[in-house]
Amino acid sequence: IRCWSNIPFITMPLSRAHGKSFAHRSELKHAKRIVVKLGSAVVTRGDECGLALGRLASIVEQVSMLQNQGREMMIVTSGAVAFGKQRLRHEILLSQSVRQALHSGQSQLKDMAIPVLEARACAAAGQSGLMALYEAMFTQYSICAAQILVTNLDFHDEQKRRNLNGTLHELLRMNIVPIINTNDAVVPPPEPNSDLQGVNVISVKDNDSLAARLAVEMKTDLLIVLSDVEGLFDSPPGSDDAKLIDIFYPGDQQSVTFGTKSRVGMGGMEAKVKAALWALQGGTSVVIANGTHPKISGHVITDIVEGKKVGTFFSEVKPAGPTVEQQGEMSRAGGRTLAALQPEQRAEIIYRLADLLTDQREEILLANKKDLEEAENKGRLALPLLKRLSLSTSKLNSLAIGLRQIAASSQDSVGRVIRRTRIAKDLELEQVTVPIGVLLVIFESRPDCLPQV
């Protein structure tokens with residue numbers, strides 16, 4: 001039990017050796033140190049002038065909840081330019097209205113054109129207000145926040161990098177949430193270089209690369225990148241055949257077509273993917289998700305940490321076979337094909353299954369012998385389960401006989417009229433047997449269970 005402002009809360013025993021990312025979503029609940037990157041489209045309003053206060057408040061609430069569980073939370077935020085643009089536009093309009101009123105002596109004002117606002121000036125004007133807003137929101141949950149502004153030099157200069165690292169670790173030790181942003185008021189334009197080529201080289205061009213660099217530098221367990229799209233799609237999200245990619249593996253980017261950038265911000269999805277793969281190479285798990293959808297933004301961060309299927313999860317461990325979701329999709333497609341078969345075609349398939357059990361009897365029994373030996377060596381199965389695991393020639397023969405009996409009766413299994421009722425003249429109601437569809441069957445150690453089903 002820890003206490004913070006006289007409010008006790010239970011901390012979670014979270015610890016793991018850094019250096020290797022999580023292989024599966026279910027492991028994300030063990031993440032101890034988490035970086036949440038808020039894209040410009042998440043923080044700003046639709047008019048790109050001012051902040052989306054409702055979304056920001058929801059994000060702060062989720063971060064506070066995880067912080068009070070004993071996790072170490074860090075935020076990489078955008079929004080200073082949008083907040084500053086709102087303030088400067090207000091000041092310019094006010095100044096112009098006063099000057100025009102004094103010059104004309106009239107209260108009626110003409111249409112006033114607002115000059116193009118320079119991004120660095122907007123960032124300088126908006127940074128303090130953005131941080132004040134974060135402080136006010138985190139205070140509601142008895143959490144202290146601290147502001148850190150960085151540039152590319154803070155990572156590439158060894159002394160500055162050590163200072164930054166020490167400051168962040170000290171803030172986390174004191175249960176303070178660091179809020180990090182690029183110092184857009186003084187940051188120079190990005191120069192072309194050979195970044196994203198290894199875990200030691202990455203330039204801070206935008207908040208995506210900043211979040212990736214920070215995550216690796218601080219040995220973070222999880223990086224959550226929130227944008228205005230659900231995640232990574234196999235084609236531009238606006239296209240009709242676009243499909244959300246649940247798990248993304250290194251090397252798969254060749255098969256993905258990237259669309260245009262979001263309405264605001266410097267980096268598009270391609271920049272996010274490059275930064276995510278770079279962080280993954282450094283041992284940090286990454287999830288890219290939607291932080292703007294009104295139905296999911298209120299719990300998107302906590303859902304990700306709980307291991308729910310949200311956004312695109314980046315993993316270095318690619319399964320040898322299809323995922324559960326892919327197996328389900330293939331089963332559904334196969335079930336529709338089977339439903340349209342003729343009875344004799346069904347019988348032919350089932351006869352073939354029976355022949356396979358007979359023809360490959362020796363191979364099946366050899367594999368079963370290996371299963372039995374492994375189960376006995378590990379000693380984890382009770383004797384009744386071991387007996388169920390055992391196969392024999394007689395069992396296989398009886399299974400083959402049973403399948404042939406099903407094949408012989410398949411002529412009447414589908415399309416058979418069970419009941420016919422005359423409702424009115426020329427109107428009859430029939431009850432007809434049809435394919436039941438796709439079944440999910442969970443069984444224990446009996447290998448003969450599948451053909452029996």
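This is a predicted model: local features need pLDDT of at least 70, side-chain atom pairs count only at pLDDT 80 or more; totals for chains, interfaces and linings use all residues.
**Notebook: a cavity and a pocket**

I began with the lining of the largest cavity, and I sorted its residues into five nonpolar, two charged and no polar ones.

Next I wanted the names. I found that the lining of the largest cavity is made by Asp208, Ala212, Leu223, Val225, Lys272, Ala275 and Ala276. I then looked up which elements give two or more residues to this lining, and they are α7 (207–217), β7 (222–227) and α8 (269–281). I noted that α8 has the largest share, with three residues.

How many cavities of 30 Å³ or more does a search of the whole structure find? I got one. For the largest cavity I wrote down a volume of about 30 Å³.

I read off a volume of about 1,700 Å³ for the largest pocket. I saw that 41 residues line the largest pocket, and that Leu338, Leu353, Leu439, Leu450 and Val453 are the closest to its centre.

Which element supplies the largest share of the lining of the largest pocket? My entry says α10, with eight residues. I also listed the elements that each supply at least two residues of this lining: α10 (324–339), α11 (343–359), α12 (361–378), α14 (393–408) and α15 (449–452).

I put down 27 nonpolar, 11 polar and three charged residues.

Terms used: Residues are numbered from 1 along each chain as its sequence is written. Side-chain values use heavy atoms; hydrogens and water are left out. On a 1 Å grid over the protein atoms alone, a cavity is a set of points where a 1.4 Å probe fits but cannot get out, and a pocket is an open set with protein on both sides within 12 Å along at least five of seven lines; lining residues have an atom within 4 Å of a point. Grid points are joined across faces, edges and corners, and a volume is the space filled by probe spheres set on the points. Helices (H or I, at least four residues) and strands (E, at least two) are DSSP runs, numbered from the N terminus. Ala, Val, Leu, Ile, Met, Phe, Trp, Tyr, Cys and Pro count as nonpolar, Asp, Glu, Lys and Arg as charged, and the others, Gly among them, as polar.
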